[in-house]
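Trainee: I am new to this structure. Please take me through a single part of it in close detail.

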Amino acid sequence: MLFAVDIGNTNVVIAVFDGETIIKQWRVSSDSKRTGDEYTSMILTLCRDAEIDVSLFDKGIISSVVPALIGPFVIVCQNIIKRHPYVIRTSLAAEDSILPVHLSSNSTRELGTDLLCNAVAAWHHFGTANIVVDFGTALTLTATDSKGTILGGTISPGLGTAVKALAMNTAQLPFVPLEAPRMAIGPTTKSAIQSGIVLGYKGLVESLVNQVKQDICTLSGDNPEDIKVIATGGLNSVLKPITDCFTVVDKDLTVKGLKLIADLV
């Protein structure tokens, strides 16, 4: 079985694969103050409660955008799997990569490893030009052309980050649930914030998707009608009901990319 770890800025997603199937998945908070032993204790408890035999783990893989948490989760893997995990680096996506996608020669090699996992999984799913929209702490779009070249993307504050910033940096505006309001005109403070954030981000995402499609066509000559759009990330469900710009929604896209990379390395 594969022990796959996607370390994000807000949450760590831990997925257990038996063959091609995700048999269990957990989200725990990203806390750089926790030690590897503390995370080990937590994860062993989760595995025990889920009746997962940890002795069956034969491989571990880690993607992280939080450098301080790589070490603790290497320790977790050494404690649980009894071996060193494969830690994904952006350099894996060089042009002579074993992956089905690669960074363009103009890239600054700064692509987050979570976005690399997304690109690998999206290419595996469609095998053509695509845009991955990842709703995390940051809202990111990652563009890949029909030759498997990762061209780049966009980075914006995520929906949760925007709501938190608004509440923390104003005297009277509260935290509100991320739900789409019935109308754009909010008669209450709560609905006004929901309108500004949720409907505002709907416009942001749709506009960026259209512009990124145009840029892919300019850079690669791909047909815009052939470009697929995949949504993923914990907050994709907020916009999913109110937009038709996504070809498919797959909340497990990143860990599926981890599994695909684990099969190649």
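Mentor: First, a term. Two strands pair if DSSP finds at least two bridges between them. Keep in mind that this is a predicted model.

Take strand β7, residues 130–135. β7 pairs with strand β8, residues 138–144, in the antiparallel sense. Six bridges link β7 and β8. Two residues lie between these strands, and together they form a hairpin.

β7 has another partner. Strand β10, residues 228–232, runs parallel to β7. Five bridges join β7 and β10.

Now look at one residue, Ile 131. In β10, the bridge partner of Ile 131 is Val 229.

Buried means under 20% relative accessible area. Six of the six residues of β7 are buried, so the rest of the structure largely encloses this strand.

Now the faces. In a regular strand, side chains alternate between the two faces of the sheet. On one side of β7 sit Asn 130, Val 132 and Asp 134. On the other sit Ile 131, Val 133 and Phe 135. These residues are all buried, and both faces of β7 are covered.

Asp 134 is touched by Thr 254. Thr 254 belongs to helix α7, residues 253–264. Its relative accessible area is 9%, so Thr 254 counts as buried. Leaving aside residues up to four places away in sequence, Thr 254 also touches Asp 6, Asp 114, Cys 117, Asn 118 and Thr 232.

For contrast, turn to two loop residues. Glu 51 is in the loop between α1 (36–49) and β4 (59–64). Its relative accessibility is 74%, so Glu 51 counts as exposed. Lys 82 is in the loop between α2 (70–80) and β5 (86–87). Lys 82 is exposed too, with a relative accessible area of 65%.

Check the backbone at both places. Most residues other than glycine have a negative phi. Glu 51 is not a glycine, yet its phi is positive, at about 60 degrees. Lys 82 is not a glycine either, and its phi is positive, near 70 degrees.

Helix α5 covers residues 189–220 and has 32 residues. At 1.5 Å a residue, α5 should span 46 Å. Its end C-alpha atoms are 45 Å apart, which agrees. Gly 221 follows α5, with a positive phi near 80 degrees.

Conventions: Residues numbered from 1 in each chain as written. Heavy atoms only, no water. Helix = DSSP H or I, 4+ residues; strand = E, 2+ residues; numbered from the N terminus. Buried < 20%, exposed > 50% of the residue type's maximum accessible area, 1.4 Å probe, protein only. Contact = heavy atoms within 4.5 Å. Expected span 1.5 Å × (residues − 1).
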